Structure formats: structure tokens, C-alpha cells
Amino acid sequence: MNPDLRLLTSLLAALALSGGCGPKSEEGAIPSTSAASGDPVEIPEEILQYMQAKVYLGPDVFQDLEAGRITQEEVDERAAAGEFPTLFRFATTEDLPSDLSWENGMDLPDLGSPDAKKGGTLYDYIRDFPRTLRTAGPDASTYFRAYLLDHMALSLGSRHPNIREISENGFRYYPELAKEWAIDRERKTGYFRLHPDATWSDGVPITANDFLYTLYFFQSEHLQDPWYINYFNRNFANITKYDDHTISISIPEAKPDLTTRLLDFTPLPLHYYGVLDENFVDTYQWKFAPTTSPYVIHEKDINKGRFIRLTRNKNWWARENKFLRNRFNFDVIHIGVIREIDKALEAFIKGELDIFSLNLTPHWHDKLPDDHEVVAGGYIHKYTFYNDIPRPSYGIWINMAQPMVEDRNLRIGLHYAFNWKKVIEEYSRGDLVRMNSNSEGFGSFVNPRIRAREFNVEKALQHFAEAGFKQRNEKGILVDDQGRELSITLTSPYHTAMDILTILQEEARRAGVEINLDILDLTAGFKKLDEKKHQMVFVGFGTSPEMYPRYFEYYHSTQAYDRAFLPDGSVNPDRKTKPDTNNIQSFADPEVDRLIERYRGSEDVEEMREIAHRIQQIVYQRGTFMPAYVRPFLRVGSWRWIKWPQDFNVRIADQYQTYYLHWMDEEEKQATRSARRSGETFPPVIEVFDQYNIYKDTP
């Protein structure tokens, strides 16, 4: 449930900011508040009135409204006439269907290692301090959000990351906030009994009211977050409260991944946010909300620009629950800011960081090679872990709303002018493989006829000539009849991509293109993307391990412009690009809009597959996305006191810390430091875990 940036919910630990809650019983243990009496928090009257009046328009009407094909006044008249059902419903347990089949996922295997130990401080780093500690609204989609939400917060349930089995309703799930559930495909509804012990990090019980409130929250224009507003208005047909711990959620389509669409729901704390207003963004810019996460952040542990520390909540209600008990093992996670990745690697080698991603080719092969003294001496262990996931969409995204690159021939010429083969063979030393589309890794949903365009100077020049760039100037750069140089700015929020982009820049000159590199830090880079001010950008969007790819957020016109087309279907001459969405290509096509709407509404796998192939073909023809590469593994280094499960990680781990299965052996830490001071060494550890390598039998 996310825009490829894994969705939903809260920040962390409001209590740490309130300052008047009294002393903690012990470090990391959050005291109860006066609201944590066990009684459910009542819904404020203003929100209750909203819930009583709110209707569900259905996908077709909502999409027509958002696209400008009908007006708000027309919708209001139809709503007043009673055409649409209510979104929120209050019932009793006697109203539950009698034919439900309840399940709880407890038959699935546990996660992590039973040998895992709690304790220790993990020293990690980020390259840029976050602009906000909200997880919704402007500037919220940053790498740091994973510490607040994506890797930490609990949902109703989570997909078991090692089980490939697909049931009638989708992937197998294990319980988190729901103690058990029943999926009714015919009614397109999930019924949930919430865990009675579940509490927010401040001790307030999590109840049905929090789930109802979450829909109110994410439908609010005060968020200034178009993706959430669209998702929660379109994709939830009803939410019903039966009692304080029983709810149902209905969605408009019984899609193949019905379980995912229902259980991937993380609530927000009603008692903390309450009634939203126009000051939401500023009010919560640097505040933490009570969370479902095992970690909290105290005000004293925020040093803006330098570090943030997360502290394990030792009163976390789920700490002994199966699937969670062997995870989230560190008492403290200290996240410092180190802006240059090579300096971060130096800090890791010195022992100032406990763990470090070694995915970059120069880091693995050159800067921390197997014969480096800390590796050969057994102090730092190196691991390669092959995962089995839909691949992050690394590539060059071309913004059609920007001058020059609005021309299709010019975009296609750029595809042929970029030498990805040289990047893969020389820079990555063959570690990477070429990506063909940004739907890579979704099996039969990938159009097999699409192949990435290969470097070809002759074809590049042909397309540039059709775009009007036929002659070279004294610098060797192509110019058009007005003397404009074929000069394009390529932005990236990744300093680590400098070597890759420099190769592409140098090779593109052979085709008469001047590429101006604009390498920004993460925060500034993503802000430029959010504001749609880039011509081209090298970036990769993470992709959830879902059953099929998403297209709405990347290619629907409502995510590109405020009003892309007029009611008659013609282009709106006054349209403005819409900020803070993932449609960074400014892609707007009425045919693709219709295909996406059919795709979102379809319950038939074959129909969805055909539509996906058609969308991919159109995108390929438009040339707005230039696929880069796939890395089929994770590489990581860690000091020998960081321990991992026997099989290292789970099948669908997209980062080494996604499931927080590792832990610290503090006795080993002291012994290692003592041994290093005395010159004692250990056997080197360089391991490959390829049990999930889907490429190893490929010729």
C-alpha cells in the first residue's frame, strides 16, 4: 500500500516532545499517559460529522472528477440525491456475516534466529539530514522515512517474506495488529479482530477508531500530498466498526492480491492528531507521533544536521509475538550524518560504523577488497545475498514538460546515445545486468517483446536529425537551425552515481550530445524531482514485493498535471505540473489513462497482464524512461560482532536491514577490539548466500 515508496502511517513518539510526562521507568520504556486507561478514544464531533456525511464515489466517478470530465457541483447533486453509499459505517458484532472463515497465519514459520540477542547500540549513517519527520506531505518521501515507517511500523498483517505460495486471495500473511482475519472475496471485504493488547508507543490502546480515523486523515487536503489523497479516496469503498476491536474494510475490486490490499493497512493515532487543519504541515514538521513501531525517538536524541537516535521501546506490546520476537534487536540505533559515502566507508573501516552497504562496485572490489587487513584479519565480514524481488527501477526518467526533451525523436536519440553496456562491463565488472523496463521482476506481467535500446551512434544521429539537430559545431555538439546546442541537464540525487554518469556523459559526446551533470544531495535532489524542475534524472524507485506492477502513480495524467485535459479530451493549454507525485516524466496520455483505469479496476489476471504489456509498449514508444541496470544481490560488510541468521536474510529483502534480523554480540565486540589491539587475527569470512538466486541457472 504505497506509491513505491511503501506507504502508510505514523512518525514516532510524541511523548518525547511533550516534556511533561514524568520520568521513564527505564531507558527506552515509555510511561503510560492519562489517555492510556484502556478506554477507547472517542471520535471528535467534527470528524464524526465528516464520517456521517462522507460517501464513496466509486472508481469511475472519482476518476472522472479528478480528470475534469465532470464537475464537483455535478457530484454534489448526485450525492445529495443519495446515489452513492456511505464510506463509514457503525454496526454491532451481530451484523457480522455468519459464514466467515477466520485465519491467523500462525502456521507459518517464524522469522529471524532464536539465537538473536537484545541489546547494544548500532551505529549507522545517512548522507543527509531529513527535511521533516512527517511521513506524509511535502518532503516526507526521503530515505529516513524507512526508520520511521517502511521498515518499522506494524500493519494489520504482513506478507511472509519467505513463502512463495499464493492462495486464492494472494500471498500468505502473518499477524501484526490483527489477531485474526477473514477474507470474503465475493464481498470484496476483509474482516479483522484487532489484537486486544495492541497499544501505541505512548501506551494508548489501538482500537477500531484509529482505523476509521486513518481514512479521514489521508483523505484530507491539509496533507498537501496528492498521492495519499487519491489512493484513500479511490481504493476504499467502506470501513465498518463493529466494536472497539472488530472492523471490516471493503475495496472496490477483488483483485488477485486481495489479501495484500486489505492487510497492508497501518493506522494513525486518533488521540494524537485529532481534527486536521491548514497548519498540519508546519505543526508536525519536527514532531513525532505515537507509533506502532518497536522504536521511539526522544527529543534529546535529535541533533539537527548531525544525528538522530532511535531507542527500542522495552514496553512494546508485541515484543514476544511470533514473527516479531527475533527482530528489532538493538537497544539503540544511532544514525549519524556523513555526507560523503567514501568518508562513511572510512568510518566503517575504523569501527565507527557497525555495518555498511557494499553494493557499489568500487567499494566491494577496490576500497574494501578481500585482502584488506580488516577483511583478511577476520575483523570485518563480507556477504553477498541474492534476493528474489521486483527490481528497483534504476534508469533515466525524462520530463516531457521541460524544453527540448518534449520532442519524442530527441528522447529516442538519447536512448541510443547512452552507453550502458560500457557501464556494466567496465564500471560494474559484470556484476550488473541490463534492465529492459521499469516493470522488471514481475514475471508474466513483463512484456517479453521489449528490449532496452542499445548504444548506437548512427541511430542516435538519425533521431537527432529528425528532431532538427543535424550539424555539429566546433565543439562537436549538434546544433539546430537556430543555433541551439543539443545540451541536456541530467540530475541525480546520488553522489555515488558520479562515475556511472561520467561514463555516459563522455560516451554521449560521440553522438553529439552535451550532458550537463547536476549531482545533488539526496534531499535537494528529490526536492527538485518533486517540483518537476528536472529535464532528465537518474534515480531508482523502490518497488514493493507485490504481485503485479503499478502504473497509476507513474503514468496517469492526474499525477502529472493539475488538469491535463479539457472535458472534450483536448490538451488543457493552461495546465500546470503537479508537484509531489511520482509522475516525474510529466506523462499524460488519454489512452494510457483509460488503460490504467481498466487495469486498476480489473479482477482478471489475464486482462491485467494484457493491459500491462500494452502500457509498457506505449511507454517504450514514447521513450520517457531509459532503463539502466539490475543488481540481483545485496552486498554488505559488518564487523564480526554483528550476527546474522543462518540463512542471512529473507527471500524478498530489498535491503539488508528491511526486516532487522541482525543483532549485536557485545562480548564479541569487546573481544574483537581487544584482539585487534594485540594483533590477534581471525579466519576471514566472505560468504555468498544464493539460495534465492533466480539467475544462477540462467545460461
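Modeller: Start with a definition. Helices (H or I, at least four residues) and strands (E, at least two) are DSSP runs, numbered from the N terminus. This is a predicted model: local features need pLDDT of at least 70, side-chain atom pairs count only at pLDDT 80 or more, and totals for chains, interfaces and linings use all residues. Residues are numbered from 1 along each chain as its sequence is written, and side-chain values use heavy atoms, with hydrogens and water left out.

Colleague: In which helix is T361 placed?

Modeller: T361 belongs to helix α12, residues 361-367.

Colleague: Is T361 buried or exposed?

Modeller: Buried means under 20% relative accessible area, exposed over 50%, and partly exposed in between (1.4 Å probe, protein chains only). T361 has a relative accessible area of 3%, so T361 is buried.

Colleague: Which residues does T361 touch?

Modeller: Contact means heavy atoms within 4.5 Å. Not counting residues up to four places away in sequence, T361 touches D366, Y427, S428, R429 and D431.

Colleague: Where does H160 lie?

Modeller: Look in the loop between β3 (157-159) and β4 (166-167). H160 is buried, with a relative accessible area of 1%. Leave aside its neighbours within four places in sequence, and H160 is in contact with L108, P109, L111, R172, Y173, Y174 and F323.

Colleague: What describes two packed helices?

Modeller: The angle between their axes and the distance between the axes. Axes are lines fitted to C-alpha atoms, for helices over the stretch in contact, and angles run from 0 to 180 degrees between N-to-C directions. Take α14 (residues 408-417) and α16 (residues 457-466): they pack at about 165°, with axes 8 Å apart. That makes α14 roughly antiparallel to α16 (under 35 degrees counts as roughly parallel, over 145 as roughly antiparallel, 65 to 115 as roughly perpendicular, and the rest as oblique).

Colleague: Which residues of α14 and α16 meet?

Modeller: From α14 come N409, L410, I412, G413, L414, Y416 and A417; from α16 come V457, K459, A460, H463, F464 and E466. By class, this contact has eight nonpolar, three polar and two charged residues. Ala, Val, Leu, Ile, Met, Phe, Trp, Tyr, Cys and Pro count as nonpolar, Asp, Glu, Lys and Arg as charged, and the others, Gly among them, as polar.

Colleague: How many helices and strands are in the protein chain?

Modeller: The chain has 22 helices and 29 strands. Its C-alpha trace spans about 80 × 80 × 50 Å along the principal axes. Of the 699 residues, 62% are buried.
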